[in-house]
Amino acid sequence: MKNGIVVTLRMSHPWLVRAVALIALSLLSAPVFAQTGLPALTVVSGESGEQTWSLSLQVLALMTGLTLLPAMLLLMTSFTRITIVLGILRTAIGTAQTPSNQILIGLALFLTIFIMRPVFLDVHDNAIRPYLNEEISIEKAIENASIPMRKFMTQQIREDDMQLFLDMSGSVRPDDIDDVSYWVLLPAFVTSELKTAFQIGFLLFIPFLIIDLVVASVLMSMGMMMLSPLIISLPFKLMLFVLVDGWNLVLGTLAGSFFL
């Protein structure tokens, strides 16, 4: 007890206790939260005059969920495949830092939102909205939210990747794929996404590699060994990419690969 105030947080893990304590102290020290009627904090007066402050578990769950959002975006959506393919495409063209990393990440982010929109709408309609309306419990909301995410990931997983992690975990393959644990499903999905991304990147690399070989051969036959073939081949690769409407083909193929 300090200055007649007792902070009571009943948690089973010490790191959770420290995290909640820091959040509570920051809330108590902020002038804006000194107003009455704040739903996140409740004050209970004890018999001996002390006060016990309890932090809403919804705030704790929200803060924890925000820390997991980057990992969920990277590993449970189409973001991984898109960023790898766009990075390989930029390397194949040979434009160094054009488009920049910020543009590629932004493009991958909005394309991910477009691809994942049906899944996100399903999660919102069947999990988030009923929970906010107090129609279902948090456990039921998590279960409803996992169904569309699991369906999306299982459509992209390769059989050999699934079997690999099942063997590594010592688990028996269930008859229904919906019974596969998330601890097996997530690494299998990431591995499958990496394989697919590199396969698409390999196919993108071939036409630009042919242009580099042709330009290098021509320069060698002309005796221009001191001139870098990349300088000569870059305009031809850009012209080829523009003539075939490359961005339309690449982005359309990427988006369509998730709906097959």
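Trainee: Why is Phe241 called buried?

Mentor: Its relative accessible area is 8%. Buried means under 20%, exposed over 50%, and partly exposed in between, with a 1.4 Å probe and protein chains only. So Phe241 is buried. This is a predicted model, where local features need pLDDT of at least 70 and side-chain atom pairs count only at pLDDT 80 or more. Residues are numbered from 1 along each chain, and side-chain values use heavy atoms.

Trainee: What makes Trp247 partly exposed?

Mentor: Trp247 has 34% relative accessibility, so it counts as partly exposed.

Trainee: Why is the pair of Phe152 and Phe258 called stacked?

Mentor: Rings of Phe, Tyr and Trp (its six-membered ring) pair if their centres lie within 6.5 Å; planes under 30 degrees apart count as stacked, over 60 as edge-to-face and the rest as tilted. Here the centres are 6.0 Å apart and the planes at 20°, so the pair is stacked. Phe152 lies in helix α5 and Phe258 in the segment after α9, 106 residues apart. Both Phe152 and Phe258 are buried.

Trainee: What kind of aromatic pair do Phe241 and Trp247 form?

Mentor: Edge-to-face, with 5.3 Å centre to centre and 85° between the planes.

Trainee: How do you know that the charged end of Arg81 sits over the ring of Phe258?

Mentor: The rule asks for NZ of Lys or CZ of Arg within 6 Å of the ring centre and within 35 degrees of the ring normal. The charged end of Arg81 is 3.9 Å from the centre of the Phe258 ring, and it counts as sitting over that ring.

Trainee: Which residues does the ring cluster link?

Mentor: Ring pairs join Phe152, Phe189 and Phe258.

Key. Helices (H or I, at least four residues) and strands (E, at least two) are DSSP runs, numbered from the N terminus.
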